[in-house]
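Okay, thanks for coming, everyone.

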Amino acid sequence: MDTKEDMRKCGQCHKMVAEANFALHETHCRRFLCLCPECDETVPREQLEQHREEQHSLVKCPKCNKKVESCDLMDHQSDHCAERLQTCLFCKLELPWKELSQHQLVCGSRTELCGDCGRYVTLRDQAVHELSCPATSATPQTNSKAPSDTTKTSVRCERCMTSVPVEDVENHKLRCPPSDFDDLDLRTFSAQRTPVVRRDLAASLLGGLPEGGDDINTCPHCHLALPIPTLLWHQVKCQMHLQRR
């Protein structure tokens, strides 16, 4: 014997009702229930205004002052508010969501020294570097021989101040543009305590000085603007400072 009853969907409350009880249910629904025009939720007819006031009245978000419906306020604060706090992927600092993108752009550009290969890697590239680090990606030795040292040592180029693997130093020097001060005898300036430079020496290094000798130029290292005679002395000291860093 088939005991399965036929079911019908009530157009008022959208519930499935047994066919035998459908007429009575539908009459009850039409008399006592109604659909909210804002959210299509079934509510008691006498509570419709209360429902609309509690759920659909506009309220201000306490963080960003944007007006949203009462029923959407919690979702707005957790997922959409521009002032909601988010954590930086790199430094774990909490800051407003509207500032997160610019912060992570700068924060992710910071570098840290890889303890395995000795190279400086940006924070945003560390996850990829861990998979491709030459010091950790080498195939382990299975025989009795000691594993070869795959760590590459880097040195800093005295001209452009970039880190270069030791085995590539000679090739890098051929490609690296020479500094204007490579041939300058720094001992000429070691005894000087005031920024005074001979005009003939300044002219030979800078390709000639203009009449008056008071023209202003900028240091290529720190971009400080100085008179040309003073600038030459400053550039030497500035380069010596960078080389010692």
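Quick definition to start: accessible areas here come from the Shrake-Rupley method with a 1.4 Å probe, and for residues only the protein chains shown count as cover. On that basis the protein chain exposes about 18000 Å², with carbon and sulfur atoms supplying 51% of it.

Now the ground rules. This is a predicted model, so local features need pLDDT of at least 70 and side-chain atom pairs count only at pLDDT 80 or more, while totals for chains, interfaces and linings use all residues. Residues are numbered from 1 along each chain as its sequence is written, and side-chain values use heavy atoms, with hydrogens and water left out.

How confident is the predictor? pLDDT is its confidence in each residue, from 0 to 100; the protein chain averages 75, and 71% of the residues score at least 70. Over residues 179-199 the pLDDT is below 50, yet that stretch has 31 contacts in the model beyond near neighbours in sequence, a contact being heavy atoms within 4.5 Å. Residues 209-213 also stay under 50, with 9 contacts beyond four places in sequence. Where pLDDT is low, the predicted coordinates should not be read in detail.

Overall, the chain has 9 helices and 14 strands. Those are DSSP runs numbered from the N terminus: helices are H or I, at least four residues, and strands are E, at least two. Of the 245 residues, 24% are buried. Buried means under 20% relative accessible area, exposed over 50%, partly exposed in between, with a 1.4 Å probe and protein chains only.

On to the cysteines. The largest nonpolar core has 6 residues: Cys 10, Cys 13, Val 17, Phe 22, Cys 29 and Leu 33. A nonpolar core is a set of buried Ala, Val, Leu, Ile, Met, Phe, Trp, Tyr and Cys residues joined through side-chain atoms within 4.5 Å. Cys 29 counts as buried because its relative accessibility is 1%.

Last stop, helix H2, residues 48-56, where Leu 48, His 51 and His 56 are buried. They cover an arc of only 80° around the axis, so they sit on the same side of H2; the arc is that of the directions from the helix axis to the C-beta atoms. Glu 49 and Glu 53, on the other side, are exposed.

Notes
pLDDT is the predictor's confidence in each residue, from 0 to 100.
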